Amino acid sequence: MSNPVPLTTDHPGQVASATPPAPGRSRRLSDRGLAVAFISPALLLLLAMSVFPLLWALYLSFTDYSATRGGPAHFVWFENYTAILTSAQVHLRALTTLIYVVGAVALQTVLGFAIAYLISRRTHGRGLLTTLFLVPMMLSQVVVGLFWKFMLDAQFGVINSMLGSLGLGQVEWLTRQRTALISLIVVDTWQWTPFIMLIALAGLTAVPKYLYEAASIDRASEWFRFRTITLPLVWPLLLIAVLFRAIEAFRLFDLVYILTSGGPGVSTETLSFHVYKVAFLGFNTGTASAYGILMVLVVIVLTQLYLRYLNKLKED
Amino acid sequence: MAVSVDEAVPTGPVRDHTPPARRFGGRGRSVLEIALLTVLAVVMLFPVLWMIETSIKENRDVYAIPAKFFDFTVTLDHFKDVFIASGGRSALSVSFLNSVVVAGVSTVLATVLGVPAAWAYSRFAVKAKKDQLFFILSTRFMPPVVVVIPIFLMYRQVGLIDTKLGLILIYTAFNVPFTIWMMKGFVDEVPAEYEDAAMLDGYTRLQAFWRFTLPLLVPGIAATAVFALIFSWNEFVFAIFLTSSDDVRTAPPAIAGLIGGTTVDWGLVAAASVVFALPVLAFAYLVRKHLIAGVTLGAVRR
Amino acid sequence: MAAMLVATTMAACGQDDGATSAPKAPATIPELTKDPLTLSFIWFDWPPAHALEAFANAEYTKVRSNVTIKVNTVPNANWHDAMFTQFAAHKTDFDIPILDSQHIGEAVTNGNILDITDFVKKNIDVKAYNPYLLAAYGQYPQAETGKRDENASLYGLPLLGDTWTMIYRKDLIGDKPPQTWDEMISVAQKCQADNPGVSGLAFHQANGSDAAAVTYNTVNAVYGGNLWDSKTRKIDGVINDAAGQEAMDVLVNKMKPLTAAGSGNWFIDEVNAAVAQGKACIAFNWIAASGGLLDPKQSTLGTTREEILDKLGFATLPSQKTNLVPLGGMGMHVSAYSPAANQAEALNFMKWFEQADIQKKWAAAGGVPSRTDALESPEFLNAGPFNQVYADSVSRMRDMWNVPEYARLVDIENTNVNAALNGAKTPKDALNDIAKEQQGVLDSGSRKGGGGL
């Protein structure tokens, strides 16, 4: 991250001057002064609530500090980092998180795009359809998690009940290693497919008509048109949607906490969930801070690489 | 990252790429597509319908095997239980009020801080503007579980643990980046020439912003505020780790607390979820035209 | 905002009190305030918490009319975190934390709760209690199972006693409960075979709280195993000895196959639901959490309490090599960070609560008392069908470790037992992993960096 604040000298109290001065009042804020007055309160808040805590976490990550045991923090330098990077427990969570992120994001991209494509081909009721499809992503993760837990219950859940009436056997959705992770992916997909759909739809409805008309004069096949006209135009949008979803999925916590609490065993424990355990079960604040810093680093580095790729794509 | 898309989603113009006769079995395919769309819509909406249904079922019917889809006795008891407990107001209804306060105040704060900053970023040459903006955005990408540790340590020094103010501050901090990014887009759409013209007429820059630009931004501000509100309303991680007492706790941890006692009253969970989701759905409907910008922090605009 | 930044920066660099031993409560209760005062508790959300609030507000206010009792409740999964994050903040919104017996070590070592040894000597009739009950909810370092070390310090007093009860379907397996663990398994097997749709057993298997861990600990105890050697702090080689292996084998290979499909994440409420819906022949649950089973509104077993009781029996756990049962329940403790007036009130409340007649009233109000006279009183024994079970179990109890590392030890055990129960690990691997990882936690004191992984 680059140095964000060239303008912190100003006093935040100046926001008050955002009310209009009486006409004819002589004192005029220069543009620069105005920019500082308007930007610095927001940046100060971010400094206090985001940067400062992060720097503090960075400091703690080099110590063996514990939030409950008290006592001074001892510097252990990079020991926390090496311990985390070499821990088999962490590798296991990283793999789980990777499977989850790739699985969930891939599934919702395909589904979301498919739904968007189908909606874009309809002439009537598009607004209504879109609105209905969007409901899941507006719900709180808590509500989503609790309710799917109820629906996926092996004995009393409606999903198994429906499978039963179709003559299919019961599935232990949340208590088998594979199915539990799949359940997480399915629930996340249910909630966030609308997100991809929404963005893909924006791309699809924006494809200029004349391109299709030109293509139909050429008697191009439908698939050819899709591949050469639709997809290239929607692709950049879709990639941004995927970025957002991947970042969100990478830090998944709520759903795990409520749906499986990491089980069976630790097979659905994500990195975020593991950080929580390190931070709040043993109150190993130093280790948890290092763990968290590493996660933030991964997000930032991967995002930067991805954006660079995206920009290159745009230039081509 | 600004990608412009010409048309609004729900109100997009009817596109009609090829004359139907051209298509392979045009009608058959259309029927197939409608069928597929219907199936997908049913699958996506079923959980929501099931939640509503569960909220009006008696507990016996909730556990019925096989599940009862239609033939159950309708009761509104669960909705009553959401608001009224034996001793008066239920803890759940208190948590709803807390959510209103926390989400409301943090949204107002984020708007007051974010809108002027967005305007300044849009209008003025600020040093290292791109870096600043990326930095602002990146604070939003930190995993909450990670942020909660130093925030917790900080709050305990200043006595903000288990207070509404603590939640309001952290939600504001999470919403300010979003507000800036989203509002910058809206400000960019208002031509700077309006302000220049006003300044030629003798207004100061500030007056020009206040009298001419701001009124044009009101719809955008409303949309942005709604998204900030939805975030604060649904947030769970900070709420569960930074608060613990009944009179501070917001609704998401309170609803999560409904399970894990000795019996699970799924009817109550469903009713509470429905009541909790309604305001968000209503607000989301109001800002449906700005949804895309809203869910992508303004990165993708309509 | 800037001021806050400065304040926290200075705090971050400067202060950190090194005090790590528990502060002492006075031997005699200081003078109490006459001003209105709210005495706050923290517990997890379950019926006893609501019963306590109602009971205390009705009864305690008779002697202290200016006091209001408030029992704050948090989700069970969040209980430990909610208490200890507030302890970590050195500011609590509760005066009396209701700690699980196993949390005592962590709270004492961090100096979060008051040492009430002198207070107890002066104000509490210790002879009125089974010594182990008194020790289990208050003593640190931990007492040997069944005993109390009179020289050790006390940090809490019993609030609610609890243990597992066996809940069995009289209409399916007969009036007489099985007496041994083997018999219990074979009865459950037969019952499951005879009654399609009903599973033989239901018990806690979840990986949260202490669910799966208590289940394994119970079987481990019944089959003569031990969790650790507290003197040498040895876990590896103790928990996974022959008895421990046999217990894990019984649990995973004999008991688990008799449970419902998908029961691998069950805890208190799911077991109750299975019993209430008539889906289990024999179930195990905490007594304090069983009251709802008799509520006709939530049950399909009958339309009145009597009808339900015709079908449900409650018994002490079967024995095998030993007759040990898990110790449940919680004690009352005093937060080191609440104001002096509230601490005084808390001590006064505890003294009041532990009187013989109040304990009997608590029993009648649905609580489980700890004083022997209250346990033997008709008020208690007639208050619920499972209360006799508790009274009979008192001399048979065993607890887990109450060391400061408890939260991590129980997490290791929970996740591994849960993994074994759900086929994610073999029973043998799971047990050996528990032994190895728990030993690692106990031994990690000298380790630099990476603690808690």
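Q: What makes residues 1-23 of chain B a part of this predicted model to treat with care?
A: Over residues 1-23 of chain B the pLDDT stays under 50, where pLDDT is the predictor's confidence in each residue, on a scale from 0 to 100. The model still has 44 contacts beyond four places in sequence for these residues, a contact meaning that the C-beta atoms of two residues, placed from the backbone, lie within 7 Å. Where pLDDT is low, the predicted coordinates should not be read in detail.

Q: How do you know which values pass the confidence limits, and how are residues, chains and ligands labelled?
A: The model is predicted, so local features need pLDDT of at least 70 and side-chain atom pairs count only at pLDDT 80 or more, while totals for chains, interfaces and linings use all residues. Residues are numbered from 1 along each chain as its sequence is written, and chains are lettered from A and ligands numbered from 1 in the order in which they are written.

Q: How do you know which spans of chain B are called "transmembrane region"?
A: The name comes from an unreviewed UniProt entry, which covers residues 31-52, 96-121, 133-155, 167-187, 208-233 and 266-287 of chain B; UniProt positions are given in the numbering used here, feature names are shortened, and annotations may be inferred rather than shown by experiment. In the model, residues 31-52 of chain B are 100% helix and 0% strand, with end C-alpha atoms 30 Å apart, and residues 167-187 of chain B are likewise 100% helix and 0% strand, with end C-alpha atoms 29 Å apart. UniProt also places "domain: ABC transmembrane type-1" (unreviewed entry) at residues 96-287 of chain B, a span that is 79% helix and 0% strand.

Q: What does the model show for the spans that UniProt lists as "transmembrane region" in chain A?
A: The unreviewed entry lists several spans of chain A, including residues 127-148 and 288-307. Residues 127-148 of chain A are 91% helix and 0% strand, and their end C-alpha atoms are 27 Å apart, whereas residues 288-307 of chain A are 100% helix and 0% strand, with end C-alpha atoms 28 Å apart.

Q: Why does the radius of gyration of chain C agree with that of a compact globule?
A: The globule rule is 2.2 Å times the number of residues to the power 0.38, with the radius taken over C-alpha atoms. For 453 residues a compact globule would come near 22 Å, and chain C has 22 Å, so the two agree. Buried residues make up 60% of chain C, and its secondary structure comes to 19 helices and 11 strands.

Q: What makes up the two domains of chain C, and how far apart are their centres?
A: Domain 1 of chain C takes in 33-162 + 328-398 and domain 2 takes in 164-326 + 402-444, with bounds from an automatic or database domain assignment. Their centres, taken over C-alpha atoms, are separated by 26 Å, and the contact takes 31 residues from domain 1 of chain C and 26 residues from domain 2 of chain C.

Q: Why is Thr263(B) called buried?
A: A residue is buried if 20 or more other C-beta atoms, placed from the backbone, lie within 10 Å of its own, exposed if 12 or fewer, and partly exposed in between. Thr263(B) has 21 C-beta neighbours inside 10 Å and therefore counts as buried. Thr263(B) is in the loop between helix 11 (251-256) and helix 12 (266-286) of chain B, and its contacts include Asp269(C) and Gln298(C).

Q: What does chain A bring to its contact with chain B?
A: The contact takes 90 residues from chain A and 94 residues from chain B. Helix 1 (residues 31-60) of chain A gives the largest share of the chain A side, 15 residues.

Key. Helices (H or I, at least four residues) and strands (E, at least two) are DSSP runs, numbered from the N terminus.
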